[in-house]
Amino acid sequence: MSQHPTQPDNSRIVRRLLLTVVGMFAFGFALVPLYNVFCDITGFNGRFNDGQAAANTKAVDTSRTVNVQFITRVNKGMPWGFEPEVRSVRVHPGETKVVNFLARNPTGKNMVAQAIPSVAPGEASLYLNKVECFCFNQQPLAAGSDTAMPMQFYLDPDIPEHIHTVTLSYTMYDMTEKATPDALAALAQPVN
Amino acid sequence: MSTVVGEMDHNDHHHHAPPGITRWLFTTNHKDIGTLYLWFSFIMFLVGGSMAMVIRAELFQPGLQLVEPHFFNQMTTVHGLIMVFGAVMPAFTGLANWMIPMMIGAPDMALPRMNNWSFWILPFAFAILLASLFMEGGGPAFGWTFYAPLSTTYSSDSTALFVFSVHIMGISSIMGAINVIVTIMNMRAPGMTYMKMPLFCWSWFITAFLLIAVMPVLAGAVTMVLTDKYFGTSFFDAAGGGDPVLFQHIFWFFGHPEVYIMILPAFGVVSAIIPAFARKPLFGYASMVYATAAIAGLSFLVWAHHMFTTGMPVFAELFFMYCTMLISVPTGVKVFNWVATMWRGSMTFETPMLFALAFVILFTIGGFSGLMLAITPVDFQYHDTYFVVAHFHYVLVTGAIFSIMAAAYYWLPKWTGHMYDEKLGKLHFWASLISVNVLFFPMHFAGLAGMPRRIPDYSLAFADINQIVSIGGFAFGLSQLIFLWVVIKCIKGGEKAPAKPWDGADGLEWEVPSPAPYHTFDTPPDVYDVPPEAK
Amino acid sequence: MSIRLITALMAMLPMASQARSQFNLTQGATEISQRVYDLHMTIFYIVCVIGVVVFGAMFWSMIRHRKSKGRKPAQFHENVKVEIIWTAIPFLILIGMAIPATSTLIAMEDTSEADVTVLVTGSQWKWHYKYFDSDVEFYSLLATSRDEIDNKLEKRENYLLEVDRPLVIPTDRKVRFLVTSDDVIHSWWVPDFAVKKDANPGFINETWTQVDEPGIYRGQCAELCGKDHGFMPVVVIAKEPAEFDAWLAEQEEIARQEKEEEQRLLAMSMDMDELMEVGERVYLGSCAACHQANGEGIPGVFPALKGSEMALNDMQGHIDIVVNGKSGTSMQAFGNQLSLKELAAVITYERNAWGNNTGETVQAADVNAYMNE
């Protein structure tokens, strides 16, 4: 078999190429946070800026109203009842509103759930600010009990004129298996 | 930066191949490894093809006749994976192994032992993939694009095997690509500057960089699928803060350059064959190189055109539409250059030329449907229908695979030392050409009329079209057996081939005798001072 | 050969453009679908012209510039002017295509000011529709019988394109669809509206239509979603607005009555034969897609019910999994999809069919008790 002496610069090129391979593998994973940042900036895919917003400091724009619709869903195989108190509210941009969502755990076991928000149109998600929301944390619910969960929000007065309707959807997922210590601690407390 | 390859010391030469199975197991010879790749890809082509036959047989009539929908989905999935990773890519790697060292006047690939490894892990990858079909719950059934969460939460237990096998395929491709790059950068004969290299080397050089850039991303995607399914991560699961659409972004960031990985070497092959049989130098050599590089560069900016229906903001849809349309400019340049090469030439139509000409026409038809698919508003109608199936089969079968056939006929005399049977070759060509169009052309109509892809049964309106398509499919499948016959016949004997069987051909590979000796260019050759194809 | 095919295709088009074609895109029933069709034809004619020019030059060359005709090859291999021209011309053609494409796309993506909103949810392998601002919601399942699919019965006209409960929308109103999914990705597609939108689990997508003509419009799921991807059609009936309003009111009334009926049923006890009869129907409609008509499931994918530990011995567990589903699997919660009677019947059926002869019945009251305990 022929053996060609590997030239010194062979190994240099190979090293660089391998480094590129490793870099691109890492880049594949880096796409995950990059994508999230991209979504947050552009409202891509109606994904939500999930963080807690500061209270509104801008003037309320009473000249127009926006219809905010609420959609609640439970994931497949998730037995909870989950509904908004009202189907929709009309708000002025800048006006802060509180809407309650009702959840009920009809099963015989304690469960922990997480609500995942999504907004349509995606562009509107940039202007929908939540001061307080049950979706920031996992929600524990003891067997057979129910609860009202508040969500306090306002629309940024800079919301574009062409947006007349904003739909906010929550999908409730069963997280009992992946519950955070906080949620478990809350469950362990006696129901008062 | 041209590297001058000095004299090579080869004290321990075997001038003939060692006998027996160990020759193939332990070979580091680029010609042996090329042969292994080519045979492997042909076998995979038949395996993947027989799955296509199952698909077409089930679709011959409306209703479920032969297979269950779950098995049907496994067939479409594994057919895709095998044809992409098992047939087309290894075939091109085989051609690269055989031809690149001979074309640039190098004695072998730069990293011969790695070359051995990159081939020999492939059979294991595909053995694992095929074995998964026999597991309880069946093999992968989520399409070759393995969109999450169908491939994570809702897939069968064999998904781990699928992931493992894709990892091995990726490692093999990456090693092959590294070898090509190092060979081309370091092993060119003195005087063989970059702009004198045959276009096949150029297109493979660029392809190899694409492979290095995107195969690791694919590896990342399958790893995330693996951890999402088995280790509780939530990359693609909304419940844990992930997003299934993210999977598609990562996949197509790999997937679109992958499409060009499968077609750029085909451009190289055709750019060698058309000048040879037109007896006229290739038109616009430099613009061919730049066009290839431009296509490769643009391929990183168009991935989301596979995802227009996932719900993107308008500005993103427009961006990806415009970039995709732009790709047709360099692709057009290539087609025009080939036509200009033929223009006022002195053409003959041996089998390699016939396949190359069919490539130009049929690939262009695939390009036209590609341009139509780029237009976002109409893509909403075309997306995930048989129009797309027709499109990518025109590009991959009558594109990539026809070019591989052309290359095989073109270089068979060099590989075997015998001329192939021209009559049989022509028979193979005409049988393939007619059947492939009966197979794929009507799919355009089925798709436009509204037939979704990846369905085992369809409404009655599509019955006639599917029957015609299936007949074309069986005929195309059978036609490939003629090719097997031609190749075996050519290996066993036939008219002795001269060093240069094609009078219009040009390039260093024709300077060595036919069959090419086990070792070629131990001493670097004299190289022309003009590009071989532009002489 | 290909040229001839293209000419043949072009000859077919005028005739194909009438109504729903077997060979070409539909013109559809909305202004948008008409614009999409026109755009499709424009682009198609442009590529045909390019094709004729390029392939014409090629065939001319192949016929004229042959060695057998004694041609001596020319030796030119470069011409910068020509190359600039054939880079620039395609570029200009592309700009010509991009302009109408952009305006159509922007029109398609304008979902504002809708009159009716429908939440469309895909799941393996059916669609669910819910009218916003109303209590009306229902599942829409394939109505084609199993025997037709298995070639035991002759296939009818709308084979695989018919559902038990179609979506009803008003004509001349802007209808907004919010599309999402319960499990894997589906794609809601009605060719006549030029609407195709992916249903992504956990996220909602928006799209809209405004139908001009009353009629029945059929489509299919367009994204591979598992085993029965080919068996989840979309059927939409467009009615005049007044008719639509009447229909919606009627549906609300029916839903209310069904709830009352359900309460009444709690007091009643059904006998085994009746439970088995109803149960089999429900089973074939809701369960057989995964667990198979013979109860044997698909090993490794969907568990068998025949001889299963749960179906034979664990009644509470059985009721639980049917009512509440099982997280992280394909097993849905049927508690809010089926009536109490249907739940009771199907559980009874599963516990007594295929040799699972437990002899036990489950009554609507049992299920109700479980759900409200």
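Colleague: Which residue is the bridge partner of A:Ser118 in E9(A)?
Modeller: Happy to start there, keeping in mind that this is a predicted model. Strand E5 (residues 111-120) of chain A pairs with strand E9 (residues 165-174) of chain A in the antiparallel sense, over eight bridges. Within E9(A), A:Ser118 has as its bridge partner A:Ser169.

Colleague: And what is the strand order of the open sheet of five strands in chain A?
Modeller: The pairing in this open sheet is mixed. Its edge strands, each pairing on one side only, are strand E3 (88-91) and strand E7 (139-141) of chain A. From one strand to the next, the twist averages 30°. The order is E3-E1-E9-E5-E7.

Colleague: At about what angle to E7(A) does helix H2 of chain A run?
Modeller: Helix H2 covers residues 181-188 of chain A and lies across E5 and E7 of that chain. Relative to E7(A), the helix runs at about 25°.

Colleague: Let's turn to the open sheet of four strands; which are its edge strands?
Modeller: The strands of this chain A sheet come in the order E2-E4-E8-E6, with antiparallel pairing. On average, neighbouring strands are turned by 25° against each other, direction ignored. The strands that pair on one side only are strand E2 (81-84) and strand E6 (128-133) of chain A.

Colleague: What is the bridge partner of A:Asn100 in E8(A)?
Modeller: Strand E4 (residues 96-104) and strand E8 (residues 146-155) of chain A run antiparallel and are joined by nine bridges. In E8(A), A:Asn100 has as its partner A:Pro150.

Colleague: How far apart do the C-alpha centres of domain 1 and domain 2 of chain A lie?
Modeller: Chain A is divided into domain 1 (10-42) and domain 2 (46-188). The distance between their C-alpha centres is 35 Å.

Colleague: Over in chain C, are H6(C) and H9(C) roughly parallel or roughly perpendicular?
Modeller: Helix H6 (residues 272-291) and helix H9 (residues 340-352) of chain C have axes that come within 7 Å. The residues of their contact divide into 11 nonpolar, three polar and five charged. Because the axes cross at roughly 95°, and 65 to 115 degrees is the range that counts, H6(C) is to H9(C) roughly perpendicular.

Colleague: Last one: is C:Gln251 buried or exposed?
Modeller: C:Gln251 lies in helix H5 (residues 241-266) of chain C. Not counting residues up to four places away in sequence, C:Gln251 touches C:Val136 and C:Arg165. Its relative accessible area is 10%, and the cut-off is under 20%, so C:Gln251 is buried.

Note on methods: Residues numbered from 1 in each chain as written. Chains lettered and ligands numbered in written order. Predicted model: local features only at pLDDT ≥ 70, side-chain atom pairs only at ≥ 80, totals over all residues. Heavy atoms only, no water. Helix = DSSP H or I, 4+ residues; strand = E, 2+ residues; numbered from the N terminus. Buried < 20%, exposed > 50% of the residue type's maximum accessible area, 1.4 Å probe, protein only. Contact = heavy atoms within 4.5 Å. Axes fitted to C-alpha atoms, helices over the stretch in contact; angles between N-to-C directions. Parallel < 35°, antiparallel > 145°, perpendicular 65-115°, else oblique. Nonpolar A, V, L, I, M, F, W, Y, C, P; charged D, E, K, R; others polar. Domains from an automatic or database assignment. Pairing = 2+ DSSP bridges.
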